[in-house]
Amino acid sequence: MGAANVLGDAFYQARRDDLAHRVKRSRFEHSLGVSETAARMARVYGQDERLARLAGLLHDWDKGYDDEGIRARAVELGIADQLASYLDMPHLLHGPTAAAALAREFPELPAPLLQAIRLHTTGAVGMSPLDLIVYVADVIEPGRYCAGVDKLRDMVGKVELEELFVATLVYVVGNLIERRKLIHPDTVTVWNYYVARARERAAANDAKGSK
Ligand SMILES: [Fe+2]
Ligand SMILES: [Fe+2]
């Protein structure tokens, strides 16, 4: 199967059917919501819609494993070197394992799609537009009914993608802190990096405005 075909409807439908057997019903519906939302965001932000819709569909490909199962999966996929930083947060491993497993099973999948899937649990410094889209779509898809998400939904298309991502991080990290949850070190690094960039952008805009 060529690279073009994995972005076609037949591949999408086949993986959609696979996913229905891999994760529970609510997770399956969440994945469809992320897929649609990612596609719409790609349209709004001038990115490849088909790549975004497939990345959204597949992002939780490995969410059906329990903690022990996902650790074993990481070992089996040869990415156990990542386990140390996920020691107390095995629920975040499903991004990296999904990317590794999908790359092995479907070598035609484009690298940018695999990267977006890999990074969707922790984020990373220097994320691509597709990475940002999948991260945000995961939080704002229509199936999520949490207070604060509507505000993020309203921002789509009105603010730059990176600004929307920072607002999403505020929401996600704020929730983790409120619920006394652990924060992955990569997410802290991501926070520091993007908040510094947002501050620089604001300062540059101020400087422009005062001229
Ligand atoms: Fe996920
Ligand atoms: Fe998700």
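View 1. Helix H1 runs over residues 9-22, and its 14 residues reach 20 Å from the first C-alpha to the last, close to the 20 Å expected at 1.5 Å a residue. Helices here are DSSP runs (H or I, at least four residues), numbered from the N terminus, and the expected span is 1.5 Å times one less than the number of residues. You are looking at a predicted model, in which local features need pLDDT of at least 70, side-chain atom pairs count only at pLDDT 80 or more, and totals for chains, interfaces and linings use all residues. Residues are numbered from 1 along each chain as its sequence is written, chains are lettered from A and ligands numbered from 1 in the order in which they are written, and side-chain values use heavy atoms, with hydrogens and water left out.

Which residues of H1 are buried? They are Phe11, Tyr12, Arg15 and Leu19. Buried means under 20% relative accessible area, exposed means over 50%, and partly exposed is in between (1.4 Å probe, protein chains only). The buried residues of H1 pack against helix H2 (25-44) and helix H3 (49-58).

View 2. Ser35 lies in helix H2 and is buried, with a relative accessible area of 2%. Leaving aside neighbours within four places in sequence, Ser35 is in contact (heavy atoms within 4.5 Å) with Tyr12, Arg53, Gly56 and Leu57. The side chains of Ser35 and Tyr12 are joined by a polar contact of 2.7 Å. A polar contact is a pair of N or O atoms within 3.5 Å; within protein, one must be able to donate a hydrogen and the other to accept it, and residues adjacent in sequence count only if both atoms are side-chain atoms.

Take Leu54 as an example: apart from neighbours within four places in sequence, Leu54 is in contact with Val6, Leu7, Phe11, Tyr12, Leu109 and Leu113. H7 itself is mostly covered, as 11 of its 12 residues are buried. Those buried residues pack against H2, H3, helix H6 (111-119), helix H8 (149-155), H9 and H10.

**View 3. Thr168 in helix H9.** Thr168 is found in helix H9 (residues 161-178). Is Thr168 buried or exposed? It is buried, with a relative accessible area of 0%. Not counting residues up to four places away in sequence, Thr168 touches Tyr135, Val136, Val139 and Leu152.

**View 4. The iron site.** The iron ion (ligand 1) has Asp60 (OD), His94 (NE2) and His120 (NE2) as its protein donors, lying 2.1 Å from it. Donors are N, O and S atoms within 2.8 Å of the metal (3.2 Å for Na, K and Ca); water is not among the atoms, so sites may look incomplete. Along the chain, these donors follow the spacing D-x33-H-x25-H. Asp60 bridges the iron ion (ligand 1) and the iron ion (ligand 2), which lie 3.5 Å apart. Asp60 is in the loop between H3 and helix H4 (67-76), and His120 is in the loop between H6 and H7, 60 residues apart. Both Asp60 and His120 are buried.

View 5. Thr121 sits in the loop between H6 and H7 and counts as buried at 13% relative accessibility. A polar atom of the Thr121 side chain lies 2.8 Å from the backbone oxygen of Leu92. His184 is in the loop between H9 and helix H10 (185-209) and counts as buried at 2% relative accessibility. A polar atom of the His184 side chain lies 2.9 Å from the backbone nitrogen of Asp186.

Definitions and conventions
Helices (H or I, at least four residues) and strands (E, at least two) are DSSP runs, numbered from the N terminus.
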